[in-house]
Amino acid sequence: MMNKSIITIPQHYVRRDQQPPSSDAAPPFQMLPIIDMNQLVFGEDFDLQLEKLHSSCKEWGFFQLVNHEIKSSILESVKHEVEGFYKLPLEEKMKYKIKECDFEGYGTQEKGGKKFDWSDWLYMTNNPILRRKPHLFPELPSSLRNNMESYILELQELGTKLLSLIAKALKIDEKEMIEYFEDGMQSIRMTYYPPCPQLELVMGFTPYSDSTLLTILFQLNGVDGLHIRKDGAWFPVSILPNALVVNVGDTLEVKYFF
């Protein structure tokens with residue numbers, strides 16, 4: 001957990017072993033594909049949109065999703081509540097701290113070599129409900145918990161729709177795809193990246209790939225920082241307002257796209 005008034009970088013955050021992505025690493029014309037959910041579901045050129053979805057998943061493994069039908073009021077509430085959580089006094093946030101030999105909760109964890117990422121997060125399993133840690137999601141401030149419940153339900157519905165459409169794009173049985181998702185494991189991570197006086201020395205999040213079926217990212221503010229590695233180069237992503245970034249996880253990629 002970091003002090004907001006930090007001027008110099010503590011050594012355990014300095015990551016000289018990691019090379020920050022270069023701003024000119026990717027040609028400017030290589031943009032992350034944009035999928036319009038409304039056109040995909042209700043448009044007249046369904047086959048064309050389905051092929052675009054398929055190629056986005058196969059060639060990029062990522063896409064921005066617009067017109068996804070998650071209410072803007074829910075997204076705004078999530079923004080407000082998450083920002084409110086990170087404005088709480090440290091002693092309040094520490095009620096949810098990561099416990100020894102666990103990875104769920106609030107805080108940060110060593111990434112190897114006694115080094116840490118320049119970020120704090122609150123990570124929780126939220127589905128199946130029986131797998132929720134009693135000291136985490138059930139104990140969140142009521143306003144945050146209630147808004148997250150609404151957001152989670154919307155994401156579950158959206159995830160089901162996306163997997164169904166991906167199944168159609170792959171020409172496989174939709175039931176086979178949905179079985180992997182229905183009442184399956186779902187988790188949520190709320191990550192905060194504090195202002196940093198020396199960005200070139202730290203990593204906000206160590207490069208990784210998700211082992212999930214799908215990861216759905218919602219950026220709370222307009223500060224871009226996400227980079228995606230494709231064909232050996234890092235591509236910066238400028239996220240459209242209220243768009244969601246969908247990542248095809250390792251489980252889905254290896255089984256159907258590899």
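Strand 6 (214-217) and strand 9 (residues 244-248) run antiparallel to each other and share 4 bridges. Strands here are DSSP E runs of at least two residues, helices are H or I runs of at least four, and both are numbered from the N terminus. Two strands pair if DSSP finds at least two bridges between them. Within this pair, Ile-216 has Val-246 of strand 9 as its bridge partner. Thr-215 stands opposite Asn-247 in strand 9.

The model is predicted, so local features need pLDDT of at least 70 and side-chain atom pairs pLDDT 80 or more, while totals for chains, interfaces and linings use all residues. Residues are numbered from 1 along each chain as its sequence is written, and side-chain values use heavy atoms, leaving out hydrogens and water.

Strand 9 also pairs with strand 2, again in the antiparallel sense over 4 bridges. Here Leu-65 is bridged to Leu-244 of strand 9. The whole sheet is open, with 4 strands in the order 1-2-9-6 and mixed pairing. Which strands stand at the edges? Strand 1 (34-36) and strand 6 do; each has a single partner strand, so one side of each lacks a neighbour in the sheet. From one strand to the next, the twist averages 30°.

Now look at strand 9 itself. Buried means under 20% relative accessible area; over 50% is exposed, and in between is partly exposed (1.4 Å probe, protein chains only). Leu-244, Val-246 and Val-248 lie on one side, Val-245 and Asn-247 on the other, and both faces are covered. In a regular strand, side chains alternate between the two faces of the sheet.

Helix 2 (residues 46-60) lies across strand 1, strand 2 (62-66) and strand 9, at about 145° to strand 2. Helix 5 (residues 142-170) touches strand 2, strand 6 and strand 9, and its direction makes about 130° with that of strand 6. Angles run from 0 to 180 degrees between N-to-C directions, with axes fitted to C-alpha atoms, for helices over the stretch in contact.

The helices also meet each other. Their axes are 9 Å apart, at an angle of about 95°. That makes helix 2 roughly perpendicular to helix 5, a label for 65 to 115 degrees. Phe-46, Leu-50, Leu-53, His-54 and Cys-57 of helix 2 contact (heavy atoms within 4.5 Å) Leu-165, Ile-166, Lys-168, Ala-169 and Leu-170 of helix 5.

Conventions: Angles under 35 degrees count as roughly parallel, over 145 as roughly antiparallel, 65 to 115 as roughly perpendicular and the rest as oblique.
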